[in-house]
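Here are my notes on the structure, as promised. Have a look at it first, then read on.

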Amino acid sequence: MNLPTFLGGVHPPEGKALTENKAIEILRPEDSREFIYPLSQHIGAPCSPVVNKGDRVLAGQKIADTEAFVSAPIFSSVSGVVKDIAPRMTIAGSVDPCIIIQSDGKYEKAPSLLAQMYSGHKPKVADYVKMIRAAGIVGMGGACFPTHVKLSPPAGRVIKWVIVNAAECEPYLSCDNRLMIESPDEIIRGLGYALEIFPEAQGVIAIENNKPEAIRIMTERNKSSRIKIMPHTVKYPQGAEKMLIWSVTGQEIPEVPALPADVGCIILNTRTTWQICRTIEKGEPVTERVISVTGDAVNEPKNLQVPLGISVRELVNACGGFKEEPLKLIAGGPMMGLAMRSVDVPVVKGTSGILALTSRLAYIAEESACIRCGKCIESCPMHLEPTLLDHAVRRRDYATFEAHGGLNCIECGSCAYSCPASRHLTQSYKNGKAHVMAEKRKAAAAAKAKQEAKN
Amino acid sequence: MSTKFVVSASPHVHSDFTTRNIMGMVILALLPAGVTGVYFLGLRSLAVIAACIIACVLSEWAWQKLTHAKSTLSDLSAVVTGLLLAYNLPPTIPLWMAVCGSIFAIIIVKQFYGGIGCNIVNPALAARAMMLISWPTAMTTWTINGISGATPLAAMKAGSQVNISLWNMFAGNMAGCIGETSSLLLILGGLYLIWEEVISWRIPVVYILTTAILASLFNHGGSALPLHESLTGGLLIGAFFMATDYTTSPMTAKGQYIYAFGCGLLTALIRTWGGYPEGVSFSILIMNVAVPLIDMHTEPRVLGAPKSNFFKRVHKEGAK
């Protein structure tokens with residue numbers, strides 16, 4: 001059977017067997033404890049607190065927001081008292097401003113967004129995007145791009161495809177898989193609401209073929225003629241935006257900074273689609289998410305539905321702790337996830353997995369010389385020449401890096417995964433991209449200053 | 001629960017493909033052909049193989065000691081060089097010549113250019129070429145079972161009838177270099193490397209087909225069949241094991257087709273009209289030098305880039 005896919009990519013060991021058959025368990029601690037909410041849980045402007053120290057808050061109450069368009073408000077996931085507004089360590093390892101709430105364990109609910117905004121009625125289609133902004137929905141696969149921005153494409157762009165990214169190509173993670181098996185209707189209805197916004201669009205739910213149960217259930221439950229369930233070849237990074245658009249629609253997104261909307265596509269994460277349904281039907285904001293807590297160092301891997309702001313330590317404890325000291329603790333999957341410094345950091349909207357790997361799986365191999373084997377070129381889904389870019393960055397030749405398309409790197413890690421010399425290729429491009437972008441910002445600022453001086 | 005973890009950039013997992021096990025698989029693929037070589041050509045061959053490997057490994061060790069460089073002996077690449085060089089020598093070669101060739105391969109061809117991954121031509125082939133020019137008689141004296149004789153290719157070149165059965169060519173019972181005679185085992189070794197995804201089918205298949213077809217078209221050796229062309233001389237070992245050397249072959253699929261076709265064309269030309277009966281070593285060496293040029297002009301189109309962008313980019317590069 002020839003399923004749609006893309007050119008390039010790798011087949012890392014899947015590791016999904018640890019959690020794919022574990023039903024989602026709800027974890028809601030009922031004693032008083034601290035919940036921490038970083039003010040920036042999304043791409044775009046950070047939020048400012050709208051509560052003060054000492055205020056009593058309810059579960060689902062907005063605690064931070066901003067006027068900026070590219071941003072998303074933050075909600076308390078528990079009822080309790082605002083204990084402090086102070087810097088705390090976040091999952092990325094940086095210390096950022098956070099709101100700290102001491103919970104009372106009661107999860108007393110704030111009035112729903114529907115009650116607040118439309119006195120309990122269902123919103124009109126024209127109000128969907130406003131609702132989605134008000135509920136703080138972001139891409140919950142990890143990138144955390146605000147969903148209302150995605151759903152407001154630039155003028156002149158006709159959206160032809162709305163694709164639910166249920167590929168879940170990252171090894172080990174199975175939270176999207178479980179969500180499809182356990183609440184397929186919400187996902188289908190959520191996509192239905194997105195399609196109402198774009199009357200000309202075709203809906204696609206793209207699933208990798210290693211989730212036969214999810215494919216079966218979704219196909220069974222789907223009654224809409226506008227929605228197609230589309231199985232895909234199992235290959236990493238099938239779920240990367242550009243790869244998915246290519247295999248679903250056959251279109252290539254032009255080079256950066258082009259967006260999916262430029263080829264008439266919008267891609268939504270599985271949990272995000274589920275959340276759209278809950279928000280529009282019940283007025284629920286983003287307060288919880290499903291996380292795969294897994295890895296060979298975890299005693300009892302599980303899929304947990306947890307309130308945001310909960311400490312990662314609680315998640316690990318709920319899974320019976322570590323059976324062995326992990327070498328690395330990773331937020332997300334092993335290919336693109338962030339290595340964490342500590343377990344005492346809060347879960348945020350984009351945390352799709354907590355992965356504890358022992359040194360057997362997550363060793364850092366010593367780099368050796370590139371032997372020009374070409375494995376990185378074969379595996380690069382963007383069709384770049386990783387080894388060439390790596391050499392350019394290491395000799396600080398950023399012009400060559402940019403000229404050979406370095407900015408198009410999606411940091412999927414396929415090249416570094418396949419490199420026999422264990423070269424830290426992805427790290428190299430991260431550095432290269434950061435440097436080029438910083439130079440560009442500097443140049444833009446200088447040009448602006450010059451222009452202003454002229455005026 | 002520990003509070004300290006290792007922090008590093010993603011990805012956090014790695015395939016178990018390493019330089020060392022790639023080289024290990026190459027050695028494994030080469031071994032059967034060497035064993036047959038020793039069986040048909042005599043124990044002297046074993047001494048040549050041992051001399052080359054030991055000299056290569058010692059040269060690399062000594063160079064890295066002298067230059068205070070990190071030792072790369074454990075990647076086994078020096079062993080592969082030694083093995084390949086020995087396979088390309090006649091069994092009667094004086095051992096001191098084999099040692100000189102090994103030192104030349106490792107020190108001058110490999111280490112002078114920066115060691116593994118940086119050499120511009122294949123070390124074993126460059127050493128063989130150097131030896132062929134320096135000691136032409138010793139390098140072209142063939143004996144089998146105590147009787148000296150011409151290789152099939154030299155006979156074809158001279159226009160005389162080749163009187164070795166295809167089966168003997170296939171099995172390796174003919175005059176020739178230590179490792180190049182047994183077609184069957186070289187093909188099996190090559191298929192093993194393709195199966196393990198160490199090499200791709202592109203270079204060997206395109207190279208062998210181009211040589212076989214062109215040499216027959218050029219009517220090399222009167223009545224030679226394409227099959228004779230492919231089964232004799234160093235073509236198989238060259239196509240499967242030398243032309244596919246990562247460092248000195250193009251990295252993209254398109255580049256590999258061009259490179260392999262170039263190797264095949266040159267081999268057919270040299271075999272037909274050149275001064276040597278055999279053209280594999282020189283063809284590969286010449287194409288090795290062309291690799292940077294091929295790589296520059298076969299850069300893949302970045303996903304989403306306009307189709308013409310590649311030419312513009314090459315142009316921009318050139319202008320700089």
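What share of the contacts in chain A with a separation of 6 or more comes from residues 24 or more positions apart? It is 72%, where a contact means two C-beta atoms, placed from the backbone, within 7 Å.

1. Ground rules. This is a predicted model, in which local features need pLDDT of at least 70, side-chain atom pairs count only at pLDDT 80 or more, and totals for chains, interfaces and linings use all residues. Residues are numbered from 1 along each chain as its sequence is written, while chains are lettered from A and ligands numbered from 1 in the order in which they are written.

2. Overall build of chain A. You'll find 14 helices and 17 strands (DSSP runs numbered from the N terminus: H or I of at least four residues for helices, E of at least two for strands). The radius of gyration is 22 Å, close to the 23 Å from the globule rule for 455 residues, so chain A is as compact as a globular protein of that length. That radius is taken over C-alpha atoms, and the rule is 2.2 Å times the number of residues to the power 0.38. Buried residues make up 54% of chain A (buried: 20 or more other C-beta atoms within 10 Å of the residue's own, with C-beta atoms placed from the backbone).

3. A sheet worth a look. Four strands of chain A form an open, parallel sheet in the order β11-β10-β9-β12; strands pair if DSSP finds at least two bridges between them. At the edges sit β11 (227–232) and β12 (265–269), each pairing on one side only. Strand β9 (161–166) and β12 of chain A share five bridges, and A:Val164 stands opposite A:Leu268. Helix α5 (184–197) of chain A lies across β9, β10, β11 and β12, at about 155 degrees to β9 (axes are lines fitted to C-alpha atoms, for helices over the stretch in contact; angles run from 0 to 180 degrees between N-to-C directions).

4. Two domains. Chain A splits into domain 1 (16–282) and domain 2 (375–454), with bounds from an automatic or database domain assignment. Each domain puts seven residues into the contact between them.

5. The partner chain. Here 57 residues of chain A contact 36 residues of chain B. On the chain A side, β15 (328–331), α13 (414–418) and α14 (425–454) each supply at least two residues.

Key. A residue is buried if 20 or more other C-beta atoms lie within 10 Å of its own, exposed if 12 or fewer, and partly exposed in between; C-beta atoms are placed from the backbone.
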